[in-house]
Amino acid sequence: LDKLHDICKKTYKEQGVWFLNCFWEQFAEKEAEIIWQYVDTNSTLDLENHEEGCGLDEMKAHVFLEKFDETLTVREMRAKLRSTGAIGETERPKTVPLTHYLLYKYNADWHTLVDESRQGDNKEEMAKAEAMLEQVQAAFQESEARASDARNALNAAVSAENSAKEREAEAVASENQAVQRENEAKASEAQAVQQETEAKDSEAAAVQRENEAVAQEQEAVQRETDAKASEAKAKEREASAKASHAQAQEKENVAKKDAAAAVERENEAKAAQSELEEALAALHAEEKAYNDKKMELEKKSTEGGVVSMNKAKNELAQHLAEDPLPLRRAKITAEAAVKRAEKASKASADARQSAEASAAASSKARQEAEDDATAASQARQVAESDAAAASSARSAAAKAREAASDARAQATKDREAATAARQAAEQARAAATSAREAAAAARESATQSRQAAEQARQASEEAKAAADKALDDAADKLKEAEAYLQEVKSKPGVANGQLWWIDRELYEQKKYLPVSRGGIAK
């Protein structure tokens, strides 16, 4: 049991190789690849010791079992091993060595496992093969490290060279831009000098215009004063004309009222005359009707039959018996009244004509006064317009003077700004010149950096070539190890499991080779 404990203390690889050697001919040859996977999984799960570990704690052991779809627990596995004597009844192991799982997995006899004679009798040859394997692994690791360093260095050198080229191109562009800016600054400086000269001329012209505007404003003030005096006189004349117009208007209104009253009286007289004439006409009609009836009855009394003539004579007698005096009296009275009404109408018409003549005279006087007032108003309006125009001219002159003053002030500011701009342009030109000189220095520095980066890239390419040479040496060692392994396999008494394992590890080393040179994909 102590020998089994010693086996369990070996590394995962050593435990797997021991198990393969022991049971190779029975079943292990067919199980070699899966045992390889068991070893690799244990090394991966053992985060503390990795390949140098020999057993997993129970939690990691359960993870291991789950990865290979095992449904048993660690306790169940240990119970089975206790029943075979592989674990003592009082033994409480803290870890699960790979050997325990292999014994349980393949139901192998642990007594057979501890038989050291099954490990082969060619230990010297196997030790040499292991040494050659280690040399191959070391050679590939060294070549991989050198290749990685060379790749990193080359990538870094290429990147640095590209960056240096970019910086150099940027520096050249910056230098060109700086030269352009310097030229532009010189042109701006010349332009600023020209603008300053023009601004000074504009300022002098603005001062002249301001003086002229002040003189024009004074003239406009005098014209405004004269126009306002004329306006005041025109207002006085307008007020007098309006007063005369008001008086004439009042007289016209009185005359029109008198004329209206006369027309009304004339109309009343005509109405009375018309009524009397209608009454007289009625009396005439009544008289005519009386006479017509008389004549009709007189005619009937002389014509026709006796009865009709007698009847007509009776009616005529009755008609003639009526008193005609009231009718004649009324007729005379009416005719006298009509004559009086005609006289009254004529008097009213005369009075109306006199009133209308007076109204017409008043209207003419009012019209003349109105015309005078209108003329006075027009004169006043003209005076007001002249005064307003003079005020506007004075205001415009004041504004023109203010504008001229503002223009002069602005021209002064423009001249000052042009002077400041010229000074700033001089400074900008000086700064641009300094920037162009700095850009030229930066371009020179970038060119030196690019040259240094090219040298570093060349050195990295040489290092890569050396790494490729180291890979070729490792490939040669791999071929030599494979050839020796075939030689050992041809001899009796070999440890088949160990030989298979070395061959498998040599196969893994081919992942460091490119496929074009006999390598395999990683």
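1. A cavity, as used here, is a set of grid points where a 1.4 Å probe fits but cannot get out. The model is predicted. Searching the whole structure turns up one cavity of 30 Å³ or more. The volume of the largest cavity is about 70 Å³. Four elements, α3, α4, β2 and α5, each give at least two residues to the lining of the largest cavity. Helix α3 has the largest share, with three residues.

2. Which residues line the largest cavity? They are Asn42, Leu56, Ala61, Phe64, Leu65, Val74, Met77, Val96, Pro97, Leu98 and Tyr101. By class, ten of the lining residues are nonpolar, one is polar and none is charged. Rolling a probe the size of a water molecule over the atoms is what shows where empty space is left.

3. Take Leu65, one of the lining residues of the largest cavity. Leu65 sits in helix α3. Is Leu65 buried or exposed? Its relative accessible area is 4%, and the cut-off for buried is under 20%, so Leu65 counts as buried. Beyond its neighbours within four places in sequence, Leu65 contacts Glu70, Leu72, Thr73, Val74 and Tyr101. Tyr101 lies 36 residues from Leu65 along the chain. The C-alpha atoms of this pair are 9.2 Å apart.

4. Helix α4 spans residues 74-84. Its buried residues are Val74, Met77, Arg78, Leu81 and Arg82. The background is simple: an α-helix has 3.6 residues a turn, so residues three or four places apart point the same way. Exposed residues Arg75 and Ser83 are on the face of α4 turned away from the buried side.

5. What does the buried side of α4 pack against? The partners of its buried residues are α3 (58-67), β2 (96-97) and α5 (98-105). Just after α4 comes Gly85, with a positive phi of about 90 degrees.

6. Helix α5 is largely enclosed by the rest of the structure, because six of its eight residues are buried. The buried residues are Leu98, Thr99, His100, Tyr101, Leu102 and Leu103. They pack against α1, α2, α3, α4, β2 and α6. Asn107 follows α5 and has a positive phi, near 50 degrees.

7. The largest nonpolar core holds 40 residues. Phe19, Tyr38, Leu103 and Leu113 touch the most other members. Two or more residues of this core come from each of α1 (2-8), α2 (12-45), α3, α4, α5 and α6 (110-113). Which element gives the most? It is α2, with 15 residues. As a rule, nonpolar side chains in soluble globular proteins tend to be buried together.

8. Look next at Tyr38. Not counting residues up to four places away in sequence, Tyr38 touches Phe64, Phe68, Leu98, Tyr101, Leu102, Lys105 and Tyr106. There is also a second, separate core of 17 residues. Its members include Met126, Val494, Leu499 and Leu513.

9. Now the pockets. The largest has a volume of about 770 Å³. It is lined by 21 residues, and those nearest its centre are Lys13, Trp36, Glu51, Gln137 and Glu505. At least two lining residues come from each of α2, α7 (123-300) and α10 (496-509). Helix α2 has the largest share, seven residues. How does the lining of the largest pocket divide by class? There are four nonpolar, six polar and eleven charged residues.

10. The second largest pocket has a volume of about 310 Å³. Of the 16 residues lining it, Val17, Trp18, Asn21, Gln119 and Gln498 are closest to its centre. The elements giving two or more residues to this lining are α2 and α7. The largest share, five residues, is from α2. The lining of the second largest pocket divides into five nonpolar, five polar and six charged residues.

Methods
Residues are numbered from 1 along each chain as its sequence is written. This is a predicted model: local features need pLDDT of at least 70, side-chain atom pairs count only at pLDDT 80 or more; totals for chains, interfaces and linings use all residues. Side-chain values use heavy atoms; hydrogens and water are left out. Buried means under 20% relative accessible area, exposed over 50%, partly exposed in between (1.4 Å probe, protein chains only). Contact means heavy atoms within 4.5 Å. A nonpolar core is a set of buried Ala, Val, Leu, Ile, Met, Phe, Trp, Tyr and Cys residues joined through side-chain atoms within 4.5 Å. On a 1 Å grid over the protein atoms alone, a cavity is a set of points where a 1.4 Å probe fits but cannot get out, and a pocket is an open set with protein on both sides within 12 Å along at least five of seven lines; lining residues have an atom within 4 Å of a point. Grid points are joined across faces, edges and corners, and a volume is the space filled by probe spheres set on the points. Ala, Val, Leu, Ile, Met, Phe, Trp, Tyr, Cys and Pro count as nonpolar, Asp, Glu, Lys and Arg as charged, and the others, Gly among them, as polar.
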